Structures are given as structure tokens and as C-alpha cells.
Amino acid sequence: MPRQQLGKLAAGASQANEGRPAPGSHEPKRRAMPGAANIVGFTCIRCGASYPTTIEIDSSGCPACHETAPANLKPIYASPADPRTIPASAPRSLWRYAHMLPCALKDAVSLGEGQTPLIEATRIGRSLGVPNLFIKDEGRNPTWSHKDRFSTVAVSVARAQGATVVATASSGNAGASLAAYAARAGLRCVVTTFGGSAGAMLAQIRKYGATVLPLVNKTDRWTMLAEAASRHGWFVASPYRAPVVGSHALGIEGYKTIAYEIVEQLGGVAPDWCALPVCYGDALSGVWAGFQELFAQRAITRLPKMVAAEVHGSLARALASGSDRLEERSATFESLAISIGAPRSAYQALMALRESSGRAVSVNNNGLIEMQECLARSEGIFAELASVTPLLAIARLRREGVIAAEDRVVAIVTASGLKDLDRSVAGPADNTIFQSTGEAWEWLVRKDAGLLMKPAIAPAAHRAGIIDP
Ligand SMILES: [Zn+2]
């Protein structure tokens, strides 16, 4: 995408949001929000009501929609950024797009997040029936998940607003990411988890120095955070009220950068489809907002269709029923994709799917580990189990003829496979230790003779496939 087209994006979003007064709306005072650069108010993603910067971001979303169909807010930007303002000295990180984000570059708490590779994945693509497949590998972020795009913005805003404690309800990637950025910012971090959670991600959270509060009852995690926010002013990044509307509206802005990068990496065009794993839809709605901004600024001429790979089917159900209110589904099985196991998603995800004419695909445990291994073996990308659900969704939509063979498809792989090794690896496959090279050769002859064939021709040139930002 031409750089000169980038700068108007924030203004485009703001102009789209303004001028849509809704019943019960408060006219935003055009006063910048302390600690949040360029933000003059918030608007409801569902009804368009606008609110001043003083509205409390209390995890219940738009007050006007709360009773009918809870919906998240999004920020209104004050003024257009200069289109040519990505300076040569801009950092090689997500903060390259600081002028699109609700926090000034000087206040950024960064670990070099973003700018992840978009990898041409023809081999696995062919096996799924979509040779034009690209993997956006978000496992390359500083804490090995896409949550860093959220945390870098949320923690930057929190610190600029004077918060001393940031908090989240998570036993996984979100907690690990927030803990890392809090450490980087010199802030305290509290992560509420539920009893019994364990594994690499919890170890990661503790290593970053966060205070972990395990609670036996899952819902107590949110109660604890709601009390802490009101009593002690903790900056809570995650959802903490039901029904869920999503995470902190300013943090979600960080996910827009995934769309900016994909379009740049594809040479200024959007893919036909963009698929990702979805829990409450923070990333889905953020990525969709990024594509919409690019479209509004004519940086792209058409929008992609979004695909949500979900576990229990609340989005597919809402798409079918037409309701704006998502139903809680009964969890009929324990998903291996722990990062997206919630029984109900949020309106923000539904909206992105509807607006993009996208699809929600329910993915269970069948074929999950096999797909993880297929991706690792055929492309060299080892992804978390939840992160390969988009590939299963793409395969299903291709079989159903929804995705065409020639379509250009991007799968956002959200986290590294090292995150949930405890779930994806049953145990050591083979403990044999050879006493000599002779024994090792004998074993190869018996078990893997394919390794002993001489190549008929010289090995093919190394495939070019990584598109550097
Ligand atoms: Zn509303």
C-alpha cells in the first residue's frame, strides 16, 4: 500500500462515526482524552451513540445497548494524521503506525511487536484446496502471540493515564502478554486465573513478575477485577462483566495493524478471505476495522470476507438467527483450543462477520493436532492448537464451495506451538538412543529409507516465500 495513503485512515474512521447521532447519545466534547493521543470521544459499534472521553470504560460497553444487545465502544479520533507521516526513522514495530493508534509514540511501551511475516504457504494450501494461502505468523511477537498488539497499546495508555496496576482475567496468552508489557513499563500486573490452570503460559506470566490470583470459580475472576477497578483504580484490560462485549476498546485498536501489514505485504491489495481463531472477537473486530479504514481511504479497492474459527458455535448461531444478542452455548466437550474455548462470543465479532459477508465455522478437536503437525511439517510453522483452527475452517469452506480454489486466503496464526505443548504432545515419540553410528544407520534403513535416496537432480532453489514488511 502506498505510504501516503495511510495517514488519513484515522480520520476516515472518525468521520464515519461522527454525524450518526443516536437516541440517548451525548455529543462528545472535543477534548482530548488524557493519556490517549488524538481521541476525542467514544462511539458504540452497534447503535452509533457517541460519548465523551470521560465515559468510564467499565467492560459493559455502550450504556444504550446494554439491556438489548451489549456492544463494545470504539474511540473517535480527533483529526486526520498526515498521509506522509511515516517517517524514515519510524520504529520497525507496530508503532510505525502510531498516528493510527490512541497513544503517542513518545508514550509507547514497546518490545518490538508487530511487523510479523506473511508467509506464502503453497504446500499446505494445496492440501486444503487453496494454493493461494498465506500465513500471518503472529507467533513471532515478543511473547509469542498476537496479544502483544493489544497489550502494547493498552499498557501504553494505562501508563500515560497514570495507572500503577494493570490487570486481566486470563490463564493464557493475554495474561502472559500483559505481564510482559507491564514489566517493560515498570507497572504492577495482576492476573486472575481459575484453579487448575497450568502450563507454559502460566509459567510465563509468573516469570514476568505478575501477581497471579487463582480462583476456584471462573466467574470470581471478573468479580475480583470489577471490585479492584472501582476500589483501587486498576486498569483492567480484559472483559470483566457479563455478557461480554470485548476487551478494552483502546487496546483493540492495536489489532488494526495486522490489516495494515497484510495489505502492505500483499502489495497493496486485500486478500479475498481472512481467517482467524475467535473467542470474544477482539482481534477479529480490530483487523476488520483496519481493513475498513484502508477501504475508506481508497488504499484498497475491495474488502476481504472474514472467517471466524470458533469452538462452540455462538457466532454461527447468531448469524443464522439474525439476532444481535449472542446466546451462551452449552460446552458439550472440552476443547483442546483452550485460547478460544468460551461458550459465547461478543457482538463485535458478529458485526465484523456480518459487515464482511463472512462466515463462522465451528471447529472441534477432530483433526486439530493433525492440522498442527501438517502445518509444522509442510511449512515449518509450529503453531498453538487454537491457532490452526482457521486452517480447519478454510478447509471446510473450500469443501463446501464457499471459498473458491483460486481465492487468495490469509490465515492468521495467533500464537506459537510452544504455548500449549502439554496438550499437543502426548509424550516422547521414541526414546531410542543409539550406541553407535552403525546402529543409527541400521535404524534408518529399517525406519526411514527415504532419507538414503540420492537426489536425482540438484535440490531446487530455496523457495522464496516470505514477504518482508
Ligand atoms: Zn449502543
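View 1. A residue is buried if 20 or more other C-beta atoms, placed from the backbone, lie within 10 Å of its own. Because five of the five residues of S5 (residues 133–137) are buried, the strand is largely enclosed by the rest of the structure. Strands (E, at least two residues) and helices (H or I, at least four) are DSSP runs numbered from the N terminus. This is a predicted model in which local features need pLDDT of at least 70 and side-chain atom pairs count only at pLDDT 80 or more, while totals for chains, interfaces and linings use all residues. Residues are numbered from 1 along each chain as its sequence is written.

**View 2. The partners of strand S5.** Strand S4 (residues 118–120) pairs with S5 in the antiparallel sense over three bridges; pairing requires that DSSP finds at least two bridges between the strands. Here glutamate 120 stands opposite phenylalanine 134. Strand S13 (residues 409–413) pairs with S5 in the parallel sense over five bridges, and lysine 136 stands opposite isoleucine 412 in S13.

**View 3. Surroundings of valine 307.** Leaving aside neighbours within four places in sequence, valine 307 is in contact (C-beta atoms, placed from the backbone, within 7 Å) with residues including Trp273, Ala275, Arg359 and Ile394.

**View 4. Leucine 294 in helix H9.** Leucine 294 is found in H9 (residues 282–296) and counts as buried because it has 26 C-beta neighbours inside 10 Å. The C-alpha atoms of leucine 294 and lysine 256, 38 residues apart along the chain, are separated by 10.0 Å.

Notes: A residue is buried if 20 or more other C-beta atoms lie within 10 Å of its own, exposed if 12 or fewer, and partly exposed in between; C-beta atoms are placed from the backbone. Two residues are in contact if their C-beta atoms, placed from the backbone, lie within 7 Å.
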